[in-house]
Amino acid sequence: MRHHGRRPDPPPRSLPPVRERTRALLAHRHFQRFIIGVILVNAATLGLETFPAVVEKYGTLLTVIDHVALYIFTAELAAKLYVERSAFVRDPWNVFDTLIVAIAFASTNGGLSVLRALRILRVLRLLSVVPSLRRVVSALLRAMPGMSSIVVLLSLVLYVAAVMATKLYGQTAPDRFGSLPTSLFTLYQTMTGDDWGNIAREVMSRHPTAWIFFTIFILVCTFVVLNLFLAVVVSAMDEENAEERAALEDSTAHIMEDTRSHTQQILNELAELRKEVAELRALREPSPSPAASPAPSPAPSPAAGVKKGRGKRSRSA
């Protein structure tokens, strides 16, 4: 099951109010920290159960804490299933958590010591809860195809070296290289650096040039092949981080585009609103009527002037 990292989930389109509140609760950072705390407390109680003196004194309390933690994990999964519905089974981390909780229930109800020992698998839920651990696991899963080729190469080198060591040093050190399986185990031990000096000296006591074989083998396996493993894993983690950055940039670009479109829509509506307000004001204010001006007096005619002059002369006479 490959999982290339968890990208940001798109917001639900139209969830009922109860499902929306449940989704917000599950995504809240305080709830995530609470689940991490429950996992750590449960891991501590499972570790304390390995001490007989502690079990004898606080066995009942440890059992109660263990069952409460299991019920909390079950309630969390039930809430996720209620919110996500059919999308729940499409998330590999949800399937992983469900398997862990199912194994925990089987180990609680079973009496076998093997089943009870499987309860510690609940600690692995940290892989799905802590984002940094989730990224590391995703990178390891992504690196599996490249690592498989390196495993084939390492197996080939081990097999060739084991056949050569059995032929060359089988009579000298039968406990180390007496048969092909024994040689494979000895060379694997040499590859890990465990007591390889004593193995080489034991062979070199009869074959002084055996250091050439061990030096070449260690250089090829330890400093070349194992470093290839690290290179593949680091490359996979870089790809994982690049995908997460690209997903975050896409999400940010969509958010910015939506924000710009909403802002422009608000500005357009504001302009229309201002236009309507201006029109309403123009309708409410009466149009100014022209002020009544006095009628212009008619210009005096010449005959009237003559009559007026005659009247003045007669009065003076």
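Is the crossing of helix 10 and helix 12 right-handed or left-handed? In this predicted model, the crossing is right-handed. Helix 10 spans residues 180-191 and helix 12 spans residues 210-284. Their axes come within 9 Å and cross at roughly 65°. Helix 10 and helix 12 are therefore roughly perpendicular to each other, since angles of 65 to 115 degrees count as such. Helix 10 contributes Leu187, Thr190 and Met191 to the contact. From helix 12 come Phe213, Phe214, Phe217, Ile218, Cys221 and Thr222. Seven of these contact residues are nonpolar and two are polar. No charged residue takes part.

On the helix 2 side, the contact involves Phe31, Phe34, Ile35, Val38, Ile39, Val41, Asn42, Thr45, Leu46 and Leu48. On the helix 3 side, it involves Val54, Val55, Leu62, Ile65, Asp66, Ala69, Ile72, Phe73 and Glu76. By class, 15 residues of the contact are nonpolar, two are polar and two are charged.

Helix 3 itself covers residues 52-84. A kink of about 85° is centred on Tyr58. Several residues of helix 3 are buried, among them Gly59, Leu70, Leu77, Ala79, Lys80 and Val83. Leu62, Asp66, Ala69, Phe73 and Glu76 are also buried, and these residues belong to the contact with helix 2. Arg85 follows helix 3 and has a positive phi, near 55°.

Key
Residues numbered from 1 in each chain as written. Predicted model: local features only at pLDDT ≥ 70, side-chain atom pairs only at ≥ 80, totals over all residues. Heavy atoms only, no water. Axes fitted to C-alpha atoms, helices over the stretch in contact; angles between N-to-C directions. Helix = DSSP H or I, 4+ residues; strand = E, 2+ residues; numbered from the N terminus. Parallel < 35°, antiparallel > 145°, perpendicular 65-115°, else oblique. Left-handed = near helix turned anticlockwise from the far one by under 90°. Contact = heavy atoms within 4.5 Å. Nonpolar A, V, L, I, M, F, W, Y, C, P; charged D, E, K, R; others polar. Bend = angle between axes of the 7 residues up to and from the residue. Buried < 20%, exposed > 50% of the residue type's maximum accessible area, 1.4 Å probe, protein only.
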